[in-house]
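Here is a short briefing on one protein chain. The sequence and the model come first, then the points worth checking in the viewer.

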Amino acid sequence: MKIQSFEMNGEGMQRVYENEKWTVGIKNWKPANDITGLNCLERHNKTDELFVLLSGRCTLISAEEADGGLKMEALEMEPFKVYNIPQSLWHNTVTQKDTKMILIEDVSTGMENSDILDLTPAQIETLKSLVK
């Protein structure tokens with residue numbers, strides 16, 4: 001038996017390790033997660049998701065449905081802290097070019113049990129006002 005190591009240095013997210021229970025991914029900046037490219041939120045309906053910021057900056061965006069709209073919040077991540085996104089919470093990440101994160105989730109997490117919510121222009125402006 002041998003110790004394995006994994007890395008990913010390109011843009012976006014890639015699962016680098018997976019077993020029968022969970023998966024570990026590396027998430028780096030990509031244009032869709034830049035504040036100028038962000039236009040949607042996602043939620044995983046059956047599983048939580050964990051993020052750990054390793055370097056750079058990341059703001060976690062979360063939103064709950066309320067009064068026929070979305071109540072959005074922003075949380076600036078701190079390096080080396082673990083952040084849990086509970087199942088069914090709308091969320092996304094706003095990153096900068098030097099951002100590198102780890103994500104951990106149940107191996108069953110995928111588009112078949114997740115939703116994407118396209119944001120309206122007004123919601124995008126609200127989101128931009130929340131990110132410092």
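This is a predicted model: local features need pLDDT of at least 70, side-chain atom pairs count only at pLDDT 80 or more; totals for chains, interfaces and linings use all residues.

Leaving out residues up to four places away in sequence, H91 touches L41, E42, R43, H44, E49, F51, I61, S62 and I85.

**H91 and its setting**
- H91 belongs to strand 8, which covers residues 90–95.
- Is H91 buried or exposed? Its relative accessibility is 2%, and the cut-off for buried is under 20%, so H91 counts as buried.
- The side chain of H91 makes a polar contact with the side chain of E49, at 2.9 Å.
- E49 is also on the list of residues that H91 touches, as is F51.

- Five strands form an open sheet in the order 1-2-9-4-7, and their pairing is antiparallel.
- Which strands sit at the edges? They are strand 1 (13–18) and strand 7 (82–85), each pairing on one side only.
- From one strand to the next, the twist averages 25 degrees.
- Within this sheet, strand 4 (residues 49–55) and strand 9 (residues 100–106) run antiparallel and are joined by six bridges.
- F51 has L103 of strand 9 opposite.

**Strands 3 and 10**
- Strand 3 spans residues 40–44, and four of its five residues are buried, so the rest of the structure largely encloses strand 3.
- How many bridges join strand 3 to strand 10? There are five, and the two strands run antiparallel.
- Strand 10 covers residues 114–118.
- R43 has D115 in strand 10 as its bridge partner.
- R43 is also one of the residues touched by H91.

- In soluble globular proteins, nonpolar side chains tend to be buried together.
- The largest nonpolar core here has 11 residues: L38, L41, I61, A63, M72, W90, V94, L119, I124, L127 and V131.
- Strand 5 (58–66), strand 8 and helix 1 (121–130) each give two or more residues to this core.
- Another core, of 10 residues, lies apart from the largest one and includes L53, C58, Y83 and M101.
- Two members of the largest core, L41 and I61, are among the residues that H91 touches.
- What does M72 contact, leaving aside its neighbours within four places in sequence? Its contacts are S62, A63, Q123, T126, L127 and L130.
- Of those contacts, A63 and L127 belong to the largest core along with M72.
- S62 is a contact of M72 and is touched by H91 as well.

Note on methods
Residues are numbered from 1 along each chain as its sequence is written. Side-chain values use heavy atoms; hydrogens and water are left out. Two strands pair if DSSP finds at least two bridges between them. Axes are lines fitted to C-alpha atoms, for helices over the stretch in contact, and angles run from 0 to 180 degrees between N-to-C directions. Buried means under 20% relative accessible area, exposed over 50%, partly exposed in between (1.4 Å probe, protein chains only). A polar contact is a pair of N or O atoms within 3.5 Å; within protein, one must be able to donate a hydrogen and the other to accept it, and residues adjacent in sequence count only if both atoms are side-chain atoms. Contact means heavy atoms within 4.5 Å. A nonpolar core is a set of buried Ala, Val, Leu, Ile, Met, Phe, Trp, Tyr and Cys residues joined through side-chain atoms within 4.5 Å.
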